[in-house]
Structures are given as C-alpha cells and as structure tokens.
Amino acid sequence: MTSQTITAAASGTWRLGDLTVHRMGFGAMRLTEGPGGVPSDRERAIGVLRRAIELGVNHIDTAAFYFSPLRSANELVNKALGGPYPEDLVIATKVGPGRDPSGEWLPLARPDQLRGQVEENLRQLGRDHLDVVNLRMLGPQPLSEHFGVLAELRRAGLIRHLGVSTVRPHQLAEALAIAPVVCVQNRFGLGGRLDGSDEILAECGRRGIAFVPFFAIAGDGREAGAASGRADGPAVLAAARAHGVTPAQIRLAWTLHQGPHVLAIPGTGDPAHLVENVAAGAVRLTPAEVAALDAEAAG
C-alpha cells in the first residue's frame, strides 16, 4: 500500500447526529506523553494534529482529563487547529471522570459537577459549544441523573450532541429514554472488549448510532502504534502479509469491518504511525479474513 496517498476519505463516512465525519478519526490521548512517560514534544504533537487534518481526518476525540506534566490534549488541539477551527471538524470530548492537578484520578463526578467539566472543556478548546460530549461511566451504576444534566446543557446550547462511554446495555437504554444518543464509546477490539459491547454494537447498528471503539489497536489499555509489544495472532499476521500492511492496520481494518456505523479513533504521537492508521481505512478484508479474525478475537 502507498500509505502516503491515502486519506481518511477511504474509510467512508457516518453521521454523528447532523454532523458527517470520516469513519477514520483521531484520538488525542497519546499526544500528551512521549516515550517513558515524559511530556511529549509540543511542536511534534501540534504537527501530528495538523497532519491529521491534511489527511482528511475530521473527527477528533479528546478530553480535559487527557493531560500529563506540561501537556494538555485540549490545549494542543486548540493551538494546532483553532482560530478558527476547520468548518467540517467535529471534536468529541467526554466528562464524568476527573483528575487532580497531580494527575491522580478522582471519583466519578457528581451530577452537579458536570457543568463545570463541560465549561472547562469549552475554555480549553476555545469553543462556545461542544460538538459531542460523551458521558463516561466508571461502572454499571444508573446514569440517568448524570445524563439528565447533560441533556439540560444540550437544551441550553452548550452541547450539540450527546454520547455515552464505557456503558452496558441497560445504561444505553437509560440514556436513550432521556435524550438522543449519537455515539457509544466502549473498549472493543481484537484484544478485548467491555462486557456487553457485542450487544451494544448490534443495537447501535439497528438505531443508526455510531459505535466508536477505543483501544482498537492495543486492546489492553493503551492505544499504540505499530510497535506496542502485544502478541499478534496468526490470523492478524496472515492478513497483514496478504495486504502488505502492518498488524496494527489489520486491527483497525477489522474494527471498521464490524459495521458501517463503526468509527475508529486510533491515537498516536508519531507522524509515521498517523499515516499508517489513516491508510488502514482503505484495507478491504475478505469475508474469510474477517471470519478468521473474529475467531481469533473469540478465542
């Protein structure tokens, strides 16, 4: 494959409410840290974001709690792409979890704290409204009170569309009873998935809701580029050889083959991996390859 000539348009499109995005997007989490956990190089991170736009990416996933010493994903997105943002760019963020200034994780935000989290994302991104806000849950508890607050902020004009993240089927049903849901972000990939995600994948397809897996490449908790240290199974390696691509690209291609409503948001701070990730949207797996990969995922 000539990765350098392939853009995100090769992955096709889907709609987040009234917003059309290419199915291959970009996750901003990994922009904040370099190798060994040190702060990333700021100019390199900004360059990766701008290169993503050049490659046709118009769906970026971020969050105010994506930060490391000296780096904030939202600030990098704002610096690289704001003033003004591209008209077709959709920025999705998420609320619910939080971290203190030292980076330690805090308990799930109370419903009365969610407006503050939304406003912090607005401030960091330099926006007067957020395109998509996902409520990320930290367990199977009811979400109606939290999601109801976000629905109020949507009616107030601070949020355009709502989604949910790390949810089980009963939580998706709860959310849908309160307000429209345009996307579900769950851990889902060849390397593992959140319980109930297969059921949610199918339900999203029936309802026209975008299903947006995270950790689609690494599967074990950290999105990664071509060299992640994971063990690729024989079906992944065989498909990679057949298509002349990397195993990471096969993992992304398999993700997109799960349905036309499935989006991908791989993250990287490496310009070369960015080009490879975007090019994965052009890989067309055969039914036999998909079946072999499905079996490998189930095994």
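**Stop one: a hidden serine**

Select S165 and show what surrounds it: setting aside neighbours within four places in sequence, S165 is in contact (heavy atoms within 4.5 Å) with N134, L135, R136, M137, Q185, N186 and F214. Before going on, know that this is a predicted model, where local features need pLDDT of at least 70, side-chain atom pairs count only at pLDDT 80 or more, and totals for chains, interfaces and linings use all residues. Residues are numbered from 1 along each chain as its sequence is written, and side-chain values use heavy atoms, with hydrogens and water left out.

S165 belongs to strand β11 (residues 159-165); helices (H or I, at least four residues) and strands (E, at least two) are DSSP runs, numbered from the N terminus. Is S165 buried or exposed? S165 counts as buried because its relative accessibility is 0%. Buried means under 20% relative accessible area, exposed over 50%, and partly exposed in between (1.4 Å probe, protein chains only).

**Stop two: the rings**

Now colour the aromatic residues. A pair of aromatic rings is described by the distance of the centres and the angle of the planes. Rings of Phe, Tyr and Trp (its six-membered ring) pair if their centres lie within 6.5 Å; planes under 30 degrees apart count as stacked, over 60 as edge-to-face and the rest as tilted. How many aromatic pairs does the structure hold? The structure holds 5 of them.

Pick F65 and W105, an edge-to-face pair with 5.5 Å centre to centre and 65° between the planes. This pair links distant parts of the chain, 40 residues apart: F65 is in the loop between β4 (59-61) and β5 (67-68), and W105 is in strand β9 (residues 105-106). F65 counts as buried because its relative accessibility is 6%, while W105, at 53%, counts as exposed.

Next, jump to F188 and W254, which are stacked, with 5.8 Å centre to centre and 10° between the planes. Here too, distant parts of the chain are linked: F188 sits in strand β13 (residues 188-189) and W254 in helix α8 (residues 247-256), 66 residues apart. Both F188 and W254 are buried.

**Stop three: helix α10**

Select residues 287-298, which make up helix α10. Look for E289, V290 and L293, which are buried. Looking down the axis of α10, the buried residues fall within an arc of 100° (taken from the directions from the helix axis to the C-beta atoms), so they line one face of the helix. What covers them? The cover for the buried residues of α10 includes α7 (234-243) and α8. On the face turned away from the buried side, you'll find the exposed residues P287, A288, A295 and A298.

**Last stop: zoom out**

Show the whole protein, with its 10 helices and 15 strands. Its C-alpha atoms fill a box of roughly 50 × 40 × 35 Å, taken along the principal axes. Of its 299 residues, 55% count as buried.

How values were computed
The expected span of a helix is 1.5 Å times one less than its number of residues.
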